[in-house]
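Subject: Structure handover

Hello,

Here is the structure for your work. My notes on what was found in it follow below.

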Amino acid sequence: METTPRLRLPIAALIGVLAVASALAAGHLVAGFVGTSASPFLAVGNAAIDLTPEWLKEFAVRNFGTHDKLVLLIGMAVTLFLIAVVAGLLSRRTPVPGMVIAGVFGVVGIVAVLNRPDTAQLSVLAPIASLLAGVGVFKWLHGIAAKRAAGEAGEGMSRRKFLYSSAGVAVGAGLFGGAGQLLSGSKDIEASRAAIGQLRPKVPAPPIPAGADFHAIGAPTFLTPNKDFYRIDTAFTLPRVLAEEWQLRIHGKVDREQIIRFDDIRRRDLIEKTITMTCVSNEVGGPYVSTANFIGVPLRDLLMQAGIQDQADQVFSTSADGWTTATPVADLLDEERGAMLAIGMNGEALPLEHGFPARVVVPGLYGYASAIKWVTDMELIAKGSRTFYWQDRGWAEEAPIKLQSRIDAPGPFASFPPGKVQVAGIAWAQTTGISKVEVRVDGGPWQEAELATEVNINTWRQWRSEFDLTSGNHRVEVRATDKAGNTQTQDRVPPIPDGATGWHSIAFSVS
Ligand SMILES: Nc1nc2c(c(=O)[nH]1)N[C@H]1C(S)=C(S)[C@@H](COP(=O)(O)O)O[C@H]1N2
Ligand SMILES: [Mo]
């Protein structure tokens, strides 16, 4: 048997890394033509999010917050790098193991892209390009390196050839990947958003009264600036839908199917409402609650226009990125609740990450079961005939927001000199309103907090209080009562399946 010489370790590893880089770059370039989410790297990222077990997702959101996707991206890059090195090292004698690994990866990419809900048929070209580039580059560089190792060509000549080829591949991968990135950004979504300009509602929200917040002593501003508004979604890359191309189809058990365009919405009388949104995954005391002025049209008007048939009691909605939710028809038609199809937030067109060009906002319902972003499809169905994204993952089918309160000041483990200590925070009971907030320190008697001016029953209500405290460690607790007379239960339950309960408390010290 002929003994083939083995490639040196760094050369073998380099071939693996360059082959993987070429595969990703080729896929990204083709994805620039056929749609961003066809990029194998991004499609695998999205698939990873969808396949991630619930506990791990919660862990990621809790520990990395909105950076969870960046962490995933970096984790994937490191994993791919390591696999590329291993593939190279396994192929020191023959290119076959590396080519097989590259091939398997190509197939994983194809499966991931084919499983995306938002990609067209042509999208599969992107992972196919990846597969060919990965396997091809691996074989080619390996051939050059092997010749050199076998000493077939003059030493200096083949060394230079390998160096030039590798450098060429590295530069080519950079250019291809960069071109793909440019192409995918070329549907200029920010231009589409900018073209909308200031949204002027015909019926603006009443101005926020001066006494509505206790921001000066540590509670949030009453309206959350768009950049600080909490964000929760499963989109690894933001869906890019131009306002000019956006359509909302309302169909299913309706009398007249509707196709609604952005201009149709803008031509209507726009309304504006101040609403506090809450995520079901918010822990007691957590950050996933924010308030904004939403601008749009009553969802009720659009549904009435379609004519809802008797058997339809749920609206099953789908977004441009294939995420789904379902909401009771009764809640969407309820004029007092005032569900909206929103196109604006705090005076501007919706930011991309909050659902541009259009989303749903339903006061009093957790976001996962109502507030669909990038919405493009609403089907009227009979309840029970389909299940939606988070329902499939163990969360409740219907989820009204639970009565809750949070202490914002003092911050956890703060320390103060003896004397007066200011306590402030927020409480919410959307669609009912807050009537009372109580605080107590070290398990002592409850004392009623001062309530800030109410804005409306669909927003948080801020509160403040103070304690005269001596040196030592202290713990302050809060509980709210709604206008129906319900007081927050002390029973601690976790967010899954329908929202957390329990009293928020903060430990701090006086010395
Ligand atoms: N398309 C889409 N819409 C979505 C989601 C999503 O993952 N995808 N997440 C929902 C959840 S769980 C919440 S709490 C709200 C959050 O809206 P925000 O990110 O604008 O705060 O959006 C909802 N709408
Ligand atoms: Mo949520």
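A residue counts as buried when its relative accessible area is under 20%, as exposed when that value is over 50%, and as partly exposed in between. By that cut-off Arg 337 is buried, because its relative accessible area is 15%. Please note that this is a predicted model.

Overall picture

The chain has 511 residues, of which 50% count as buried. Its secondary structure comes to 11 helices and 19 strands. The C-alpha trace spans about 90 × 65 × 40 Å along its principal axes.

Ligand 1

There are 19 residues around ligand 1, and the nearest of them are Tyr 230, His 354, Arg 359, Ala 371 and Lys 373. By residue class, the shell around the ligand divides into 10 nonpolar, four polar and five charged residues.

- Ala 371 places a polar backbone atom 2.9 Å from a nitrogen atom of ligand 1.
- Ser 319 has a side-chain N or O atom 3.3 Å from a nitrogen atom of ligand 1.
- Trp 323 has a polar side-chain atom 3.3 Å from an oxygen atom of ligand 1.

Taken alone, ligand 1 exposes 540 Å², and the protein buries 99% of that area.

Salt bridges

How many salt bridges does a search of the whole structure find? The search finds 22.

Glu 348 and Arg 193 form a salt bridge through their side chains, with an N to O distance of 2.7 Å. This pair links distant parts of the chain: Glu 348 belongs to strand S8 (residues 348-349) and Arg 193 to helix H8 (residues 189-194), 155 residues apart.

Lys 420 forms a salt bridge with Asp 468, and the closest N and O atoms are 3.8 Å apart. Lys 420 lies in strand S13 (residues 419-428) and Asp 468 in strand S17 (residues 461-469), so the pair ties together parts of the chain that are 48 residues apart in sequence. Both partners are exposed, because Lys 420 has a relative accessible area of 58% and Asp 468 one of 57%.

There is also a network: Glu 190, Arg 193 and Glu 348 are joined into one by salt bridges that share partners.

Nonpolar surface patch

Ile 83, Val 96, Val 100, Val 104, Phe 105 and Val 108 make a nonpolar surface patch of about 460 Å². Which helix gives the largest share of the patch? Helix H5 (residues 96-114) does, with five residues. Phe 105 lies in this helix. Patch residues need over 30% relative accessible area.

Regards

Technical notes
Residues numbered from 1 in each chain as written. Chains lettered and ligands numbered in written order. Predicted model: local features only at pLDDT ≥ 70, side-chain atom pairs only at ≥ 80, totals over all residues. Heavy atoms only, no water. Patch = residues over 30% accessible without salt bridge, like charges linked within 9 Å, V, L, I, M, F, W, Y side chains within 5 Å. Areas by Shrake-Rupley, 256 points an atom, 1.4 Å probe, with all protein chains shown as cover. Salt bridge = Lys/Arg side-chain N within 4 Å of Asp/Glu carboxyl O. Helix = DSSP H or I, 4+ residues; strand = E, 2+ residues; numbered from the N terminus. Near = heavy atom within 4 Å. Polar contact = N/O pair within 3.5 Å; in protein donor to acceptor, adjacent residues only side chain to side chain. Nonpolar A, V, L, I, M, F, W, Y, C, P; charged D, E, K, R; others polar. Buried < 20%, exposed > 50% of the residue type's maximum accessible area, 1.4 Å probe, protein only.
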